[in-house]
Amino acid sequence: MGLDDLPLRDNLRGESPYGAPQLDVAIRLNTNENPYAPGGDITASINARTSAATAGLNRYPDRDVVELRTALARYVEDRTGERVGAAQVWPANGSNEVLQQILQAFGGSGRKAIGFEPSYPMHRLICRGTGTEYIPVEPGAGFAVTAEGVRSAIARHNPDVVFLCTPNNPTGTALGPEVLQAAYTATCGVVIVDEAYAEFGDSASAVTLLPGRERLIVVRTLSKALELAGARIGYAVANEAVVDALQLVRLPYHLSSITQAVGLAALEHTDELLNWVDELKRQRDRMAAGLDQLGYVVYASEANFVFFGGIADQSALWQKLLDSSVLIRDVGVPGHLRVTAGTPNETDAFLEAISAITKETTA
Ligand SMILES: *Cc1c(COP(=O)(O)O)cnc(C)c1O
């Protein structure tokens, strides 16, 4: 009995589940998590709020997630300087679930989405899961995504959904506002801007472009800069009508009372949670400088990771690093690998390992 014996949907036949290897290795720099766990004040708030929520677990949670949406709106307003109301915010179990809800509402059978490669593989997989056709737009020189490139891809494919990712995973490159505006003007579909790494970047958030753009959807997460990957909380910021549309496809009570409590507690401490951002950027820049010195091609990153190329055989290098107890990410771009910024010790370990391997193979 295997998958082939089941009456599975045709477009899932022969596919494998997505996920980076979760290996028990000393230095894990492969999934862009924050290496720092929430501090004592934050865990105390989380414990207090979740234990209060526990007392009411016989009841379903707030289906409309009003308190958390209000707190998220305030956070986004603080970070971006743009006025954002709770009615413009929609949270779910990680930004992946937000993306899935967007595709359920705006994609689906007979509809098309485009994305600019290389980018976050979940965009394609969420299309697959929702029966949306995903059209990968192949990269131009240096993986740059330009306003002109975006315009011509939209004209060629006439998509219902456009994925943009800034800073982009895996390249770390941020898109200028002119690229986002060009995409919006060129399409009648929805434009999703995945800002999972926004807090690490120096560019203005796409949230500042929301006024007057009712088909623009900015997707963000507490999983990266805000240290809460394990809590599974992401959110969309968009026009109120988009949020109404997402409520047509969300499951009732999709966000548990425990998750809502964790999110509320964390949002009382965003300054502390963001304390590590500058330190992580320093480690990212140390990695970039070290890789550059070793002769690799390093891409400028506005996120908490570094994408580098000029590798003769990236799977061999990935394996040798793993043999030295350093796990990084092979994102499937030939000649390239991605490494997540870690603690200073993790950065040392990565740089020492890759330097030894590089010198040995070029000696
Ligand atoms: C990590 C990441 C996410 C986060 O997903 P969550 O479901 O919120 O943990 C979203 N988009 C991109 C591009 C990412 O790299």
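Predicted model: local features only at pLDDT ≥ 70, side-chain atom pairs only at ≥ 80, totals over all residues.
I checked the bounds next. Domain 1 takes in 3-38 + 275-362, and domain 2 runs over 40-272. I found their C-alpha centres 24 Å apart. For contacts, I have 31 residues of domain 1 against 34 residues of domain 2.

I asked how many salt bridges the rule finds across the interface of domain 1 and domain 2. The search gives two. I also looked at the pair aspartate 202 and lysine 281, whose side chains form a salt bridge with an N to O distance of 3.5 Å. For polar contacts between domain 1 and domain 2, I recorded 15 residue pairs, both partners at pLDDT 80 or more.

I then asked which elements supply at least two residues each to the side of domain 1 that touches domain 2. They are α10 (277-293) and β10 (305-309). The largest share of that side comes from α10, with four residues. Sorting the touching side of domain 1 by class, I got 15 nonpolar, nine polar and seven charged residues.

**Ligand surroundings**

I listed the residues around the ligand and have 13 of them, of which Ser95, Tyr197, Thr221, Ser223 and Lys224 come nearest. I then looked up polar distances for three of these residues. For serine 95, a polar backbone atom lies 2.6 Å from an oxygen atom of the ligand. In the case of serine 223, an N or O atom of the side chain is 2.7 Å from a ligand oxygen. For lysine 224, I again looked to the side chain, where an N or O atom is 3.3 Å from an oxygen atom of the ligand.

**Salt bridges in the whole structure**

I searched the whole structure and found 11 salt bridges. One entry I followed up joins the side chains of arginine 49 and glutamate 67, at 3.8 Å from N to O. I asked why this pair ties together parts that are 18 residues apart in sequence. Arginine 49 sits in helix α1 (residues 40-54) and glutamate 67 in helix α2 (residues 66-80), so the pair links parts with that separation of 18 residues.

Methods: Residues numbered from 1 in each chain as written. Heavy atoms only, no water. Domains from an automatic or database assignment. Contact = heavy atoms within 4.5 Å. Salt bridge = Lys/Arg side-chain N within 4 Å of Asp/Glu carboxyl O. Polar contact = N/O pair within 3.5 Å; in protein donor to acceptor, adjacent residues only side chain to side chain. Nonpolar A, V, L, I, M, F, W, Y, C, P; charged D, E, K, R; others polar. Near = heavy atom within 4 Å.
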